[in-house]
Amino acid sequence: MARDVSSVARVLAGTLVGSWVSGGAPVDSAVPAADFTVHAHPNFASLVVATPAELRALLDPADPRRDAVRQAVLVTTEDSRELRELIEASRATAILCPGADALVLQPTLVALLATDQAAEDRLVTSGTKVLTQVARRGGVSAVIAELAARIDGWAVLLDGQGHPIASAGAGALHVQDATAVAFRRPVRVRHPGLQVHPVGPNEDLTAYLVIASHERSMSRNRDLASQAAALLDLILRTHDHTMTEQLGREVMISTLVSGTPAAAESLLQRWGVHETSLTAFVLSSRSKAVDLERLVTRWFDELGWVHVMTTVNGRVLGFVRDDHVAQITDWVERYASEVQVPLRCGIGSSAGIDALGRSASEARQAHDVAVTDGRPLARYRALPTVKYVLDRLDDDGAAQIANALDGLRGANGRHGELTSTLRVYLAEHGSWGVTARQLGIHRQTLTSRIQRIEELTGLSMSDPDDRTAAWLAIRAMER
């Protein structure tokens, strides 16, 4: 933390007089009165060490430095009523130290600020090392999150057109303020004291980093943000050759989960997977400093397993061979305990190639339980919920539960589009956007289908009991 005016007064055992400069203002320099000319920085306080005679001369209306002195803090060895009245009348600020040695006052302040600056430099150096480490694990988002935490504020990274790339601790209004300041737009900025750091050279600008801090140590935050901007420039200019692979895996996983069994089997075989059954898992982390996809990729490489996984809404959805499940769970638990990063993992049950969507839904439900309970791992089979109920039903009981969705049968007596829609909707926890993307339909079409489902079944998707009954009915039909 940088020295402020009040802390300097305490160290000198002096009295702070006047209120033109706040006692919480950070101090950037200490100069003798003979060398003082102008106030250096509007956000920092300069200490001007003066003898009582020099102080009176500086506050004389005829002295051209009087206005500049009023923005600085005078430090002197006299404390008298007459001097205090002069300081108050001049609207100046001073630290009065009657017990201090005039010969050592200036060297003492210089040494004090130098020691403080050295500590600030060490904090910037250690912070830069941590930013570099998290960049290796989590890329741009991890750097922004770590930076926001270290400056006790928020950070926004904007591209050259003003679109947010990443942010941490910032709301919509903060992003608007960041954009206005970075691009010098003539609008009212609600948050004062924003710092803008260009990412990349002027002739080849990559982005803008905008920060705001609750701390008073502006110099350290400025230096740390400057280092972060240089690191972000390097990251953003490094082409990610895995992007095409990531997009391909996203499409393939979508096909496995919601496509036809024949298409899923053909796709897996081309992928080099010939197993007849797989187990799904969902993995997330409460720390943005962890690149989950890179972590799971390393795990799969150690298993010698193809990268049957993708990232959806910050969570990794993957499929592994049934005999790989034990190793995955062991890694999750060890990583959470040894690295002390809170991972949350849900494990589905083994499913045939034609039912991988069911295993994925189970993994999501188990993951939600792990998040709610605050534990690293949850297995769907161990959840005393749906399976507990279904395992205790005979065929007649299961058929009776499944009858709740008989209204969705088509003219041929079979379940079709509406039932499939309901299954995906419930599996995605009622998320309209995700469900519509999974089904490849417009949200308005999805809304119409759900309304039709409610009309035909008499169940309300806004009622948790009705949603549970619908999910039990679907699972009963899959027995």
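A residue is counted as buried when its relative accessible area is under 20%. In this predicted model, Cys345 has a relative accessibility of 0% and is therefore buried. Cys97 likewise falls under that cut-off, because its relative accessibility is 0%. A disulfide requires a pair of cysteine sulfur atoms within 2.5 Å, and by this rule the count comes to zero disulfides.

In one of them, five strands are arranged as an open sheet in the order 1-5-4-3-2, with mixed pairing. Strand 1 (15-17) and strand 2 (27-32) form the edges, each pairing on one side only. From one strand to the next, the twist averages 25°. Within this arrangement, strand 4 (residues 73-76) and strand 5 (residues 94-96) run parallel and are joined by three bridges. Val75 is placed opposite Ile95 of strand 5.

The other sheet is also open and consists of four strands in the order 7-6-9-8, with antiparallel pairing. Its edges are strand 7 (164-168) and strand 8 (195-199), each of which pairs on one side only. Neighbouring strands are turned by 15° against each other on average, direction ignored. Strand 6 (residues 153-159) runs antiparallel to strand 7, and four bridges connect the two. Ala155 stands opposite Ala168, a residue of strand 7. Helix 6 (residues 172-182) packs on this sheet, where it touches strand 6, strand 7, strand 8 and strand 9 (207-213). The direction of helix 6 makes about 55° with that of strand 6.

The largest nonpolar core comprises 40 residues. Leu256, Phe281, Leu283, Trp299 and Phe319 have the most contacts inside this core. Two or more residues each are contributed by helix 8 (243-258), helix 9 (261-271), strand 10 (277-285), helix 10 (292-303), strand 12 (315-320), helix 11 (325-338), strand 13 (343-347) and helix 12. Of these elements, helix 10 gives the most, with six residues. A second, separate core has 24 residues, including Ala135, Ala142, Leu157 and Ile211. When residues up to four places away in sequence are not counted, the residues touched by Phe319 include Ile253, Val257, Phe281, Phe300, Trp305 and Ala360.

Helix 12 is mostly covered, with 13 of its 18 residues buried. After the helix comes Gly374, whose phi is positive, near 70°.

Apart from residues up to four places away in sequence, Ala360 touches Val257, Ala280, Leu317 and Phe319. Gly348 lies 12 residues from Ala360 along the chain, and the C-alpha atoms of the two are separated by 6.4 Å. Glu362 also belongs to helix 12. With a relative accessible area of 1%, Glu362 is therefore buried.

Technical notes. Residues numbered from 1 in each chain as written. Predicted model: local features only at pLDDT ≥ 70, side-chain atom pairs only at ≥ 80, totals over all residues. Heavy atoms only, no water. Pairing = 2+ DSSP bridges. Axes fitted to C-alpha atoms, helices over the stretch in contact; angles between N-to-C directions. Contact = heavy atoms within 4.5 Å. Core = buried A, V, L, I, M, F, W, Y, C linked by side-chain atoms within 4.5 Å. Buried < 20%, exposed > 50% of the residue type's maximum accessible area, 1.4 Å probe, protein only.
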